[in-house]
Amino acid sequence: MRPALLILMLLYLLPAGAQPRQLLVPGGIAVIELGSDDPAEYRFRGKPVLVTKIAGVPSALVGLPLSLKPGEHYIEARASDKIHKKFFEVGGKKYTTQHITITDDRKVNPYASDMERILAEKARKQKARNHYSKGAVDVDFLSPVSGVRSGSFGRRRVFNGQPRRPHSGMDIAAATGTPIVNPSAGTVIELGDFFFSGNLVYIDHGQGLISMFAHLSEIDVKLGERVVKGQVVGKVGATGRVTGPHLHWSLGLNGTWIDPALFIE
Ligand SMILES: [Zn+2]
């Protein structure tokens, strides 16, 4: 069977996607309607914001960092020496704390000899998260795997008794070897075997919308490859800092991680 046909068949078997939903809290997204007199390019804290049609209406999708202070915020654009601003109100959200025990303590307290590798990977991850390319974006996402979603995005985490960064994505429980499908068309911008994330893949969906898949048992794409929606990008695994096999999926918007649940349901 031709691969294209197989992908089409797979698409029919997958749960249907949905349009992104607004959630005005840190870690959420703002969906701001744009009129015909609005400039084409808005920025939020200096970063270009994704513009697309939501239910037929041109809209800006703004990723709200977990560190954002509740209150009034705005996107802005400069057009013919006039500054356009659009305001929105961000509420508060209390994220719970999760205590996790990691058997391999080196993944919590790395050796001094691990630090060079960890810092180099951190720089690559930061670059990938802030990647920006122009063009149309398909925001009607597929769920990358079906399975029980933990809903743990934003949770403060304590590994082996030590506080670490909040959880930057969604964990979906699935067996090792389960295929991970690409939720929306894009390009592979980073991949490899990383200290904490294990085998990972970054996909640029366009205009600052970035998927990151971690802890894979197998990577099935190449750096720079164009990947269609529904294409298998790798397999679920338990590589890196994990307690068991699952898919970790992070979703970035204008350089910040947001709750991927807002893009699927
Ligand atoms: Zn995770």
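Let me start with a working definition: a residue is buried if 20 or more other C-beta atoms lie within 10 Å of its own, exposed if 12 or fewer, and partly exposed in between, with C-beta atoms placed from the backbone. Keep that in mind, please.

Two housekeeping points, then. What we have is a predicted model, where local features need pLDDT of at least 70, side-chain atom pairs count only at pLDDT 80 or more, and totals for chains, interfaces and linings use all residues. Residues are numbered from 1 along each chain as its sequence is written.

Now the overall picture. The protein chain has two helices and 21 strands; helices (H or I, at least four residues) and strands (E, at least two) are DSSP runs, numbered from the N terminus. Along the principal axes, the C-alpha atoms fill a box of roughly 55 × 50 × 30 Å. For 265 residues, a compact globule would come out near 18 Å in radius of gyration, and the chain has 19 Å, which agrees. That radius is taken over C-alpha atoms, and the globule rule is 2.2 Å times the number of residues to the power 0.38. Of the 265 residues, 36% count as buried.

On to contacts: two residues are in contact if their C-beta atoms, placed from the backbone, lie within 7 Å. Among contacts with a separation of 6 or more, 68% come from residues 24 or more positions apart.

How is the chain divided into domains? The assignment gives domain 1 (15–90) and domain 2 (101–263), with bounds from an automatic or database domain assignment. Their C-alpha centres lie 24 Å apart, and 21 residues of domain 1 are in contact with 23 residues of domain 2. On the domain 1 side, β3 (47–48), β4 (50–54) and β5 (57–63) are the elements that give two or more residues.

Let's go inside. A nonpolar core is a set of buried Ala, Val, Leu, Ile, Met, Phe, Trp, Tyr and Cys residues joined through C-beta atoms within 7 Å. The largest one has 49 residues, and those with the most contacts inside it are Ile-29, Val-62, Leu-200, Val-201 and Phe-213. Strand β16 gives the most to this core, six residues. Why does the core lie between the two domains? Because domain 1 and domain 2 both give residues to it. As for Val-62, its contacts, leaving out residues up to four places away in sequence, include Ile-29, Phe-44 and Asn-254.

Helix α2 (residues 115–129) is another story: zero of its 15 residues are buried, so it lies largely in the open.

Gln-207 sits between β15 (198–206) and β16 (209–216), with a positive phi near 50 degrees. Is Gln-207 buried or exposed? Buried, because it has 21 C-beta neighbours inside 10 Å. Asn-160, in the loop between β10 (156–159) and β11 (162–164), has phi near 45 degrees, also positive in a residue other than glycine. Asn-160 is partly exposed, with 15 other C-beta atoms within 10 Å. Thanks, everyone!
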